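Keep the sequence and the 3D view open, and try each task before you read its solution.

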Amino acid sequence: MVRFIKMVFCGLYNVWFYTITGTSLIIFIPFFLVTCLREKWYPIFFWFVRNIWSTIILYGMGLIPKIEYQEPFEKNKSYMLVANHKSMIDVFLMLKVSPVPFIFVGKKELLRLPIFGFFYKRFAIMVNRDSAKSRKAVYGRAETRLSQGLGICIFPEGAVFGPDVTLAPFKNGAFRFSIDYQMTIVPMSFLDCERRYPYHFSYNHFVGGPGLLRVKVHNHISAKGKTLDDMEDLKQEVYELLLKDLSP
């Protein structure tokens with residue numbers, strides 16, 4: 001009986017996420033259409049999705065961000081933001097964490113989502129990870145965005161894995177970007193997203209529900225002076241930081 005109740009609750013909670021996300025997206029369509037007309041208006045869009053849209057989604061689901069900063073962000077500085085990725089609410093939480101504008105590097109598959117995909121491709125750098133040509137093209141688009149003063153967010157695991165994987169091995173992308181453009185890396189540990197709203201909501205252990213979303217924003221790691229020879233060490237340093245927080 002308890003299992004059945006948990007199944008019903010988690011199912012309703014899942015439906016509520018899509019309801020609140022879809023409804024708010026439709027309501028804000030006029031604003032999104034206007035702000036996607038010019039790339040230079042992106043900071044306006046970012047302010048809105050950070051302070052309005054993500055707040056509606058997270059608090060509407062009863063999810064309360066609790067963010068611990070070990071080092072403050074600097075205004076007008078481009079950062080490489082990296083975090084573990086186990087939930088669809090990771091995107092909204094990342095927006096709440098960073099006070100400085102950034103752009104996501106996201107999977108091309110997200111373009112298939114109705115309405116959301118239309119706007120996402122205008123405010124994210126899309127990549128087909130199975131295509132070397134697509135991965136290479138990301139650099140040109142990223143350079144344009146960096147010249148506009150934006151940061152970049154990449155979830156370095158490259159995919160979302162099930163509950164049997166605490167933290168998947170990192171891909172090179174985020175760290176190569178950081179070295180090539182001498183960007184400061186900001187590692188973050190999202191401690192509760194998987195427990196509150198897992199990406200694979202059909203987990204055999206039905207979980208999910210309102211509560212705190214703790215985030216540990218680690219000390220920033222400078223890539224200044226580093227070369228590609230340092231990439232593996234840099235990647236391992238960030239990986240171990242997050243794994244230490246996430247391990248039971």
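A nonpolar core is a set of buried Ala, Val, Leu, Ile, Met, Phe, Trp, Tyr and Cys residues joined through side-chain atoms within 4.5 Å. Buried means under 20% relative accessible area, exposed over 50%, and partly exposed in between (1.4 Å probe, protein chains only). Helices (H or I, at least four residues) and strands (E, at least two) are DSSP runs, numbered from the N terminus. Contact means heavy atoms within 4.5 Å.

This is a predicted model: local features need pLDDT of at least 70, side-chain atom pairs count only at pLDDT 80 or more, and totals for chains, interfaces and linings use all residues. Residues are numbered from 1 along each chain as its sequence is written, and side-chain values use heavy atoms, with hydrogens and water left out.

**Exercise 1.** Describe the largest nonpolar core.

Step 1: The core has 70 residues. Step 2: Met94, Ile152, Met188 and Phe190 have the most contacts inside it. Step 3: Helix H3 (residues 42-60) gives the largest share of this core, 8 residues.

**Exercise 2.** Find what Ile152 touches, not counting residues up to four places away in sequence.

Solution: Its partners include Tyr79, Phe102, Leu146 and Met183.

**Exercise 3.** How many residues of helix H4 (residues 90-97) are buried?

Step 1: The count is 7 of its 8 residues. Step 2: Among them are Asp90, Met94 and Lys96.

**Exercise 4.** Is Asn76 buried or exposed?

Step 1: Asn76 lies in the loop between strand S1 (63-69) and strand S2 (79-83). Step 2: Asn76 counts as exposed because its relative accessibility is 81%.
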